[in-house]
Amino acid sequence: MKKKESSIKKAQSKSKKAESEKEASENAAATNSQQVTQQQNSDSYQTQTSTPIKSQSQINMERGYDPKGNPVMPGQDHAPGSDVYGNPDSWVQGQIDWAKSQGMIDSNGNETENFKNWVSQRDNAWNNGQDDFPDYDQNKQW
């Protein structure tokens with residue numbers, strides 16, 4: 001009987017040892033899996049942080065505006081009266097230069113006070129039925 005008990009104990013011991021080794025193997029596999037997942041997460045974080053930062057003009061172009069924020073014409077890559085960089089095209093620039101030379105706008109592109117006064121007086125004259133109001137003259141105070 002002792003021999004039989006001894007062989008049963010040996011078998012149980014081998015079984016426990018096998019279970020223990022299996023658990024150790026599973027724990028190692030789980031740890032490796034966690035490490036791989038952590039490495040993948042780390043890799044994706046590094047990928048996300050290394051993407052180039054877009055400039056405002058690139059964002060504007062993606063949203064349908066030129067680099068200076070003017071709405072782009074349908075099917076085009078620029079706003080009306082401008083080039084693809086948002087600068088006035090040559091005809092528009094000629095109009096701006098002419099208006100500056102006539103004293104209608106200042107160097108910043110804003111209407112001058114004298115021109116605003118003339119526009120107001122012209123509109124009042126037209127509203128009162130006067131069709132022959134004189135053209136703007138920068139040398140005259142309005």
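Guide: Trp118 is buried, at a relative accessible area of 9%; buried means under 20%, exposed over 50% and partly exposed in between, with a 1.4 Å probe and protein chains only. Phe115 is buried too, with 12%. The model is predicted, so local features need pLDDT of at least 70 and side-chain atom pairs pLDDT 80 or more, while totals for chains, interfaces and linings use all residues. Residues are numbered from 1 along each chain as its sequence is written, and side-chain values use heavy atoms, leaving out hydrogens and water.

Phe115 and Trp118 are three residues apart in helix H4 (residues 113-127), which puts about one helical turn between them. Helices (H or I, at least four residues) and strands (E, at least two) are DSSP runs numbered from the N terminus.

Next come the rings. A pair of aromatic rings is described by the distance of the centres and the angle of the planes. Rings of Phe, Tyr and Trp (its six-membered ring) pair if their centres lie within 6.5 Å; planes under 30 degrees apart count as stacked, over 60 as edge-to-face and the rest as tilted. Five aromatic pairs are found in the whole structure. Phe115 and Trp118 make a stacked pair, 5.6 Å from centre to centre with 25 degrees between the planes.

Tyr136 is buried, at 13% relative accessibility. Phe115 is buried at 12%, and its ring also pairs with that of Tyr136: the centres are 5.1 Å apart and the planes at 85 degrees, so this pair is edge-to-face. Phe115 lies in H4 and Tyr136 in the segment after H4, so the pair ties together parts 21 residues apart in sequence. Phe115, Trp118, Phe133, Tyr136 and Trp142 form one aromatic cluster.

Tyr136 touches Gln102, Thr112, Asn114 and Trp142, among others, not counting residues up to four places away in sequence; contact means heavy atoms within 4.5 Å. The charged end of Lys140 sits over the ring of Trp142, 4.4 Å from its centre. That description applies if NZ of Lys or CZ of Arg is within 6 Å of the ring centre and within 35 degrees of the ring normal.

The largest nonpolar core has ten residues, including Phe115, Trp118, Phe133, Tyr136 and Trp142. H4 gives the most to this core, with four residues. Such a core is a set of buried Ala, Val, Leu, Ile, Met, Phe, Trp, Tyr and Cys residues joined through side-chain atoms within 4.5 Å.
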